[in-house]
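User: Hi! I'm new to this one and would like a walk through it. Could we begin with the metal sites?

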Amino acid sequence: MERISVLLLVVIVLTIALAIHGCSSGGGSKRPIGTGTGTGTGTGTGTGTGTGGPNEFVYVWVITGGSATAAELDAVKANIQGLSDGLYGVAHGQQHIAHLTIKNNGATSECHVATPVDRVASGTLGGGTWARCVPGGADGKYIECGGLVDHYTFAHEHGHKEYELAGGVLAEEYSGASGCPCVISTGAAGGLMQYCDDGNHETSWCPNSCWKAIMDQTSMTHTTGDYPAVGAGPTTTVVIEP
Ligand SMILES: [Zn+2]
Ligand SMILES: [Zn+2]
Ligand SMILES: [Zn+2]
């Protein structure tokens with residue numbers, strides 16, 4: 001009798017212990033409530049792939065100052081693949097726009113690209129400005145451009161935005177009729193649909209060539225002087241939020 005009691009007690013204690021353990025590992029509603037303070041530091045490394053990774057851009061493009069028509073939004077959408085393919089080409093297939101959401105009458109605070117509603121059917125911002133890179137937006141800088149911006153102009157602003165090419169949003173690689181043979185120059189100043197590298201960069205514009213700056217910041221690679229042609233990039237999925 002006594003032995004059975006002890007055994008029973010052991011079983012009960014074990015059961016309680018298991019039950020308590022089960023709660024803590026199960027988490028949720030039975031966690032004790034408490035308050036406390038603490039400090040800590042840590043470091044870590046990691047790798048990853050997939051949508052939204054480095055060089056696979058997931059963007060929001062807002063129409064600002066009003067609403068564009070459905071037809072205008074469709075035209076903006078139809079222009080996106082060419083912009084992504086342009087980015088893909090200048091980076092030898094190492095970057096593209098994976099997904100893009102067009103938001104009608106949106107706020108620049110949530111965007112990566114913005115188009116004033118009165119420029120939605122245009123390739124430029126008007127008043128002599130093709131496009132620009134502006135502080136703000138969802139991640140610090142956004143591109144402001146016409147709804148039907150061309151792929152060269154977009155790659156130029158994208159270079160300012162993602163890689164601070166030429167050293168920032170106001171620096172360029174052109175003046176008058178001379179510039180670097182790259183997208184941070186202009187067509188009129190000898191610009192080409194490529195990033196300049198240490199073999200063709202004119203250092204009077206800024207210390208680093210476009211490729212030097214990009215390779216310092218990303219895992220993308222480029223061999224000086226090697227500009228292989230690549231075809232169209234992966235399909236960009238585009239969603240319109242009217
Ligand atoms: Zn520029
Ligand atoms: Zn350049
Ligand atoms: Zn250059």
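Analyst: Happy to! One definition to begin with: four donors count as tetrahedral if all angles lie between 85 and 135 degrees. Keep in mind that this is a predicted model.

User: Okay, what arrangement do the donor atoms make around the zinc ion (ligand 2)?

Analyst: The four donor atoms there subtend angles of 93 to 121°, so the arrangement is tetrahedral.

User: And which residues are the protein donors of that zinc ion (ligand 2)?

Analyst: They are Glu173 (OE), Cys182 (SG), Cys196 (SG) and Cys210 (SG), lying 2.0 to 2.3 Å from the zinc ion (ligand 2). Along the chain, these donors follow the spacing E-x8-C-x13-C-x13-C.

User: Where do Glu173 and Cys210 lie?

Analyst: Glu173 lies in the loop between α3 (151-163) and β6 (174-175), while Cys210 lies in helix α4 (residues 210-217), so the pair ties together parts that are 37 residues apart in sequence.

User: Are those two, Glu173 and Cys210, buried or exposed?

Analyst: Both Glu173 and Cys210 are buried.

User: How far apart are the zinc ion (ligand 2) and the zinc ion (ligand 3)?

Analyst: They are 3.2 Å apart, and Glu173 coordinates both.

User: Where do His156 and Glu172 sit?

Analyst: His156 lies in helix α3 and Glu172 in the loop between α3 and β6, so this pair ties together parts 16 residues apart in sequence.

User: Switching topic: how many helices and strands does the protein have?

Analyst: Four helices and eight strands. Read along the sequence, the pattern is α-β-α-β-β-β-β-α-β-β-α-β.

User: What share of the residues is buried?

Analyst: Buried residues make up 38% of the 242 residues. The protein exposes about 13100 Å², with carbon and sulfur atoms supplying 57% of that area.

User: Last one: what about contacts between residues at least 6 apart in sequence?

Analyst: Among those contacts, 67% join residues at least 24 apart.

Technical notes:
Residues are numbered from 1 along each chain as its sequence is written. Chains are lettered from A and ligands numbered from 1 in the order in which they are written. This is a predicted model: local features need pLDDT of at least 70, side-chain atom pairs count only at pLDDT 80 or more; totals for chains, interfaces and linings use all residues. Side-chain values use heavy atoms; hydrogens and water are left out. Donors are N, O and S atoms within 2.8 Å of the metal (3.2 Å for Na, K and Ca); water is not among the atoms, so sites may look incomplete. Four donors count as tetrahedral if all angles lie between 85 and 135 degrees; four count as square planar and six as octahedral if opposite donors are over 155 degrees apart and all others between 65 and 115; anything else is irregular. Helices (H or I, at least four residues) and strands (E, at least two) are DSSP runs, numbered from the N terminus. Buried means under 20% relative accessible area, exposed over 50%, partly exposed in between (1.4 Å probe, protein chains only). Contact means heavy atoms within 4.5 Å. Accessible areas come from the Shrake-Rupley method with a 1.4 Å probe; for residues, only the protein chains shown count as cover.
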